[in-house]
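Thank you all for making time this morning.

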Amino acid sequence: MRERILIVEDNQELQEMFRVRLEMEGFKLYFANNGRECLEALNQASPDLILLDLFMPVMDGYQVLEVLNAHPEWNEIPVVVFSIEGDFGQIEKAVKLGAVEFLPKGKIELDKVVDKIKVVIQEESLPITQDIILELLIEKGIIQRSEFKKKFIEKRKEALLKKLKERRF
């Protein structure tokens, strides 16, 4: 199955760079020029991953992340954000809103983008393992189902922020 990626970027040249490289890898691509177009595209594309610019006209990436979090059909789509600015406060805000990875736009190396996308998609395809662990913990009375998902997401965010803090942009 070809993984579907929704690329949300207002820069046409960057869109074209992503298109050429990611199509070479066999991904099915959809594009949006801003956050509003992203939300419209989500109804048709059902992406496996969203590559999201944080700073765009009309509706920025932070606003998109807020909408995704509030929408039950979209809140589990992994989102990789990128921005020309690598300020840790902005990265932290995006992660807290649900981003699973950050890429600095000024240093985009397409091979690294492809590698990150593959890692994120692979990680997201492991829900069976998560479900098995969850069932075992529930059986043993260690945790409740709703509590597990909340804690899992919380720990994932903490781990990502720690990793990003140590990275040099």
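Predicted model: local features only at pLDDT ≥ 70, side-chain atom pairs only at ≥ 80, totals over all residues.

**The sheet and its charged pairs**

Let me start in the sheet, where Leu52 stands opposite Val81 in strand 4. Residues are numbered from 1 along each chain as its sequence is written, and side-chain values use heavy atoms, with hydrogens and water left out. When I speak of helices (H or I, at least four residues) and strands (E, at least two), I mean DSSP runs, numbered from the N terminus.

Strand 4, residues 79-83, runs parallel to strand 3 and is joined to it by 4 bridges; two strands are said to pair if DSSP finds at least two bridges between them. Helix 3 (residues 61-70) packs on the sheet, touching strand 3 and strand 4, and its direction makes about 150 degrees with that of strand 3. For such angles, axes are lines fitted to C-alpha atoms, for helices over the stretch in contact, and the values run from 0 to 180 degrees between N-to-C directions.

What is the order of the strands in this open sheet? There are 5 strands in the order 2-1-3-4-5, with parallel pairing. Strand 2 (28-32) and strand 5 (101-104) stand at the edges with a single partner strand each, so one side of each has no neighbour in the sheet. Neighbouring strands are turned by 20 degrees against each other on average, direction ignored.

Turning to strand 1, we find that 4 of its 5 residues are buried, so the strand is largely enclosed by the rest of the structure; buried means under 20% relative accessible area, exposed over 50%, and partly exposed in between, with a 1.4 Å probe and protein chains only. Strand 1 runs parallel to strand 2, to which 5 bridges join it, and Arg4 stands opposite Lys28 there. Strand 1 is also parallel to strand 3, through 4 bridges, and the bridge partner of Ile7 in strand 3 is Leu51.

Asp53, also in strand 3, counts as buried at 1% relative accessibility. Leaving aside neighbours within four places in sequence, Asp53 is in contact (heavy atoms within 4.5 Å) with several residues, including Val8, Asp10, Phe82 and Lys105.

That brings me to the salt bridges, each defined as a side-chain nitrogen of Lys or Arg within 4 Å of a carboxyl oxygen of Asp or Glu. By this rule the count comes to 7. In one of them, the side chains of Arg4 and Asp48 meet at 3.4 Å, N to O. Arg4 lies in strand 1 (residues 4-8) and Asp48 in the loop between helix 2 (35-45) and strand 3 (49-53), so the pair ties together parts that are 44 residues apart in sequence. Both ends are partly exposed, Arg4 with a relative accessible area of 22% and Asp48 with 23%.

Within helix 1 (residues 12-24), Glu16 and Arg19 lie 3 residues apart, about one turn of the helix, and their side chains meet in a salt bridge at 2.5 Å, N to O. In helix 4 (residues 88-96), Glu92 and Lys96 are 4 residues apart, again about one turn, and form a salt bridge at 3.5 Å.
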